Amino acid sequence: MGLEPTPLDPAALPAAVGKALATPATRMMAARGALPLAPGDLATALYQLGLDADPAVAEAARASRDGLPERVVLGIVSDAGLDPRVLDAFAGRCLQVPAL
């Protein structure tokens with residue numbers, strides 16, 4: 001059983017993630033993985049957007065999270081500086097992919 005997915009505190013988000021979540025257009029771009037974000041920032045953005053009130057944004061973020069390349073997921077889950085909820089959101093992916 002994983003951690004309960006709850007929104008992160010917007011005030012505690014990295015600056016790049018805050019910018020990515022600032023407008024509806026950038027939220028959807030981030031949800032699709034179309035913004036140039038570092039892996040940890042991408043993971044944080046996808047986690048937060050996966051809980052978005054807009055179902056299209058939330059679904060796009062979850063699809064992007066589930067479709068990330070293995071090497072990116074490996075970098076994300078090895079980043080101990082990420083919020084435990086973010087890490088937990090990617091942990092299930094590691095169980096599904098033997099290479100991870």
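Leu82 counts as buried, at 10% relative accessibility, where buried stands for under 20% relative accessible area, exposed for over 50% and partly exposed for values in between, with a 1.4 Å probe and protein chains only. This residue sits in the loop between H5 and H6; helices (H or I, at least four residues) and strands (E, at least two) are DSSP runs, numbered from the N terminus. Leaving out residues up to four places away in sequence, Leu82 touches Gly40, Ala43, Thr44, Ile76 and Leu87, a contact being heavy atoms within 4.5 Å.

The model is predicted, so local features need pLDDT of at least 70 and side-chain atom pairs count only at pLDDT 80 or more, whereas totals for chains, interfaces and linings use all residues. Residues are numbered from 1 along each chain as its sequence is written, and side-chain values use heavy atoms, with hydrogens and water left out.

Turning to the whole fold, the protein contains six helices and zero strands. The C-alpha trace spans about 35 × 25 × 25 Å along the principal axes. Of the 100 residues, 38% are buried. Among contacts between residues at least 6 apart in sequence, 60% join residues at least 24 apart.

The largest nonpolar core has 27 residues, and Ala31, Leu49, Leu68, Ile76 and Val86 touch the most other members. Such a core is a set of buried Ala, Val, Leu, Ile, Met, Phe, Trp, Tyr and Cys residues joined through side-chain atoms within 4.5 Å. At least two core residues come from each of H1 (15-20), H2 (24-31), H3 (39-49), H4 (55-67), H5 (70-77) and H6 (84-96), and H3 gives the largest share, six residues. For Leu68, the contacts beyond four places in sequence are Leu42, Leu46, Val73, Ile76, Phe90 and Arg93.

Arg27, in helix H2, is buried with a relative accessible area of 19%. Beyond four places in sequence, Arg27 touches Ala20, Leu21, Leu49, Asp52, Asp54 and Val57.
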